[in-house]
Amino acid sequence: MSVMMPWLLLFLLLVSFSSAAPRFSEKDICLLDNNKLKQRLKQLQDLLYLYELQLKDILENTYHRTKSGLFSGNRSVQHETLLPTTSGNLIVYDQDCSAVYNRKKTKTGYYRIRPRADQEPFLVYCDMSDGGGWTVIQRRSNGKENFNRKWDDYKLGFGKFQGKNDEYWLGNDHIHDLLAKGETSLKIDLMDWHGERRYAVYENLQLAGEQDNYRLWFGTYSGNAGDALSGGSSFEDQWSASHRGMEFTTSDKDHDRFLAGNCALENKGGWWFNRCHAVNLNGRYYRTGRYNGSHDNGIVWSTWHGMWYSLKYSAMKIRAPFFVESESGDGENSQGG
Ligand SMILES: [Ca+2]
């Protein structure tokens with residue numbers, strides 16, 4: 001009997017397996033494999049695109065060429081030029097809000113950060129809720145700030161940096177420097193005029209330098225606001241409205257794909273316009289949700305409320321992906337007023 005028992009067990013195991021196995025037909029397995037391959041292909045295409053952008057950036061961006069060390073034989077000389085030139089300034093600034101958070105400064109508010117040692121520090125709003133460590137690069141909340149501005153304003157940043165509801169654009173140069181630190185996720189918090197909230201997360205946000213007109217790149221979407229940055233659900237929408245790979249356009253510098261005009265002029269703010277958009281968080285601030293006009297120029301997130309609804313609140317915030325533990329937070333809890 002003692003020899004028979006293991007065989008009996010094995011037999012029972014085999015029977016239970018064989019009865020469970022037919023749940024997946026060969027066709028199902030094929031479909032699963034096919035889906036996995038498609039996902040992998042998409043990831044590889046995204047990567048290829050990213051590397052092409054980076055290569056373009058390296059080849060065209062003289063800053064990289066002179067300072068990266070990749071193209072320089074003498075690394076020690078390059079290193080010396082990046083050291084502080086004055087010994088009097090002993091204040092060490094954090095590179096971003098994650099660094100602030102990691103130093104146990106976990107109160108939401110304004111902090112001075114310095115992503116690049118060779119540039120001056122600047123104020124930014126650190127959202128320490130929602131997991132903490134978020135650097136806020138854009139906020140709309142009350143319509144007090146004029147976002148219909150030109151290239152240099154969007155390049156350097158504008159708005160107020162005092163109250164928790166103050167509206168601002170951090171500046172394309174600052175955003176570019178922050179993103180150059182490494183892989184970064186973008187989270188966008190949205191609220192409509194009924195107080196309902198939605199969010200969108202994009203992995204691997206990238207912004208080229210000014211030489212490439214701050215061209216935008218981003219990876220996989222997750223969230224409950226819909227993947228509007230990719231242009232919407234139909235291929236036609238994506239072709240004309242996706243913001244992936246678009247350059248930044250303002251009323252005075254047109255880099256959009258709309259040949260007959262300037263999307264920033266029509267839509268009252270600088271953005272990564274295509275021809276023209278499915279998202280425009282820098283549009284005109286309407287004090288009601290639904291709006292009319294000759295152009296769909298409100299604060300738009302098309303996959304949630306469509307093109308003719310202007311949101312009450314938006315905040316764009318960035319953080320290293322390893323910080324992202326939960327995507328279910330309702331984000332910034334500020335109210336428009
Ligand atoms: Ca144009």
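This report walks through a predicted protein model, from its overall make-up down to a few single residues.

## What you're looking at

Because this is a predicted model, local features are described where pLDDT is at least 70, side-chain atom pairs count only at pLDDT 80 or more, and totals for chains, interfaces and linings use all residues. Residues are numbered from 1 along each chain as its sequence is written, and side-chain values use heavy atoms, with hydrogens and water left out.

The protein has 10 helices and 13 strands; helices (H or I, at least four residues) and strands (E, at least two) are DSSP runs, numbered from the N terminus. Of its 337 residues, 45% are buried. Here, buried means under 20% relative accessible area, exposed means over 50%, and partly exposed is in between, using a 1.4 Å probe and protein chains only. A contact means heavy atoms within 4.5 Å. Among contacts with a separation of 6 or more, 56% are between residues 24 or more positions apart.

The predictor's confidence in each residue is its pLDDT, from 0 to 100. The protein averages 83, and 78% of the residues score at least 70. Over residues 62-89, though, the pLDDT is below 50, and the model gives this stretch 20 contacts beyond near neighbours in sequence. Residues 324-337 also stay under 50, with 39 contacts beyond four places in sequence. Where pLDDT is low, the predicted coordinates should not be read in detail.

The largest nonpolar core holds 53 residues, and Trp 169, Trp 272 and Trp 301 touch the most other members. Such a core is a set of buried Ala, Val, Leu, Ile, Met, Phe, Trp, Tyr and Cys residues joined through side-chain atoms within 4.5 Å. Strand β2 (residues 122-127) gives the most to this core, with 4 residues. Its antiparallel partner is β1, joined to β2 by 5 bridges; two strands pair if DSSP finds at least two bridges between them. Tyr 111 sits opposite Val 124 of β2. Strand β1 (residues 109-113) is mostly covered, with 4 of its 5 residues buried.

Now look at strand β13 (residues 313-319), where 7 of 7 residues are buried. Tyr 313, Ala 315, Lys 317 and Arg 319 point one way, while Ser 314, Met 316 and Ile 318 point the other way. Strand β13 runs antiparallel to β3, with 5 bridges, and Arg 140 has Ser 314 as its bridge partner there. It also runs antiparallel to β6 (residues 185-191), this time with 7 bridges. In that pairing, Met 191 stands opposite Tyr 313.

Gln 138 is part of strand β3 (residues 134-140). It counts as buried because its relative accessibility is 0%. Its side chain makes a polar contact with the side chain of Asn 282, at 3.1 Å. For a polar contact, a pair of N or O atoms must lie within 3.5 Å; within protein, one must be able to donate a hydrogen and the other to accept it, and residues adjacent in sequence count only if both atoms are side-chain atoms. Beyond four places in sequence, the contacts of Gln 138 include Tyr 168, Trp 169 and Met 316.

A polar atom of its side chain lies 3.0 Å from the backbone nitrogen of Lys 144. The C-alpha atoms of Asn 142 and Glu 167 are 7.4 Å apart, though 25 residues separate the two along the chain.

## An enclosed helix

Helix α7 (residues 172-179) is largely enclosed by the rest of the structure, because 6 of its 8 residues are buried. Those buried residues, His 176 and Asp 177 among them, pack against several elements, including β1, β3 and β13.

Asp 254 is partly exposed, at 39% relative accessible area.
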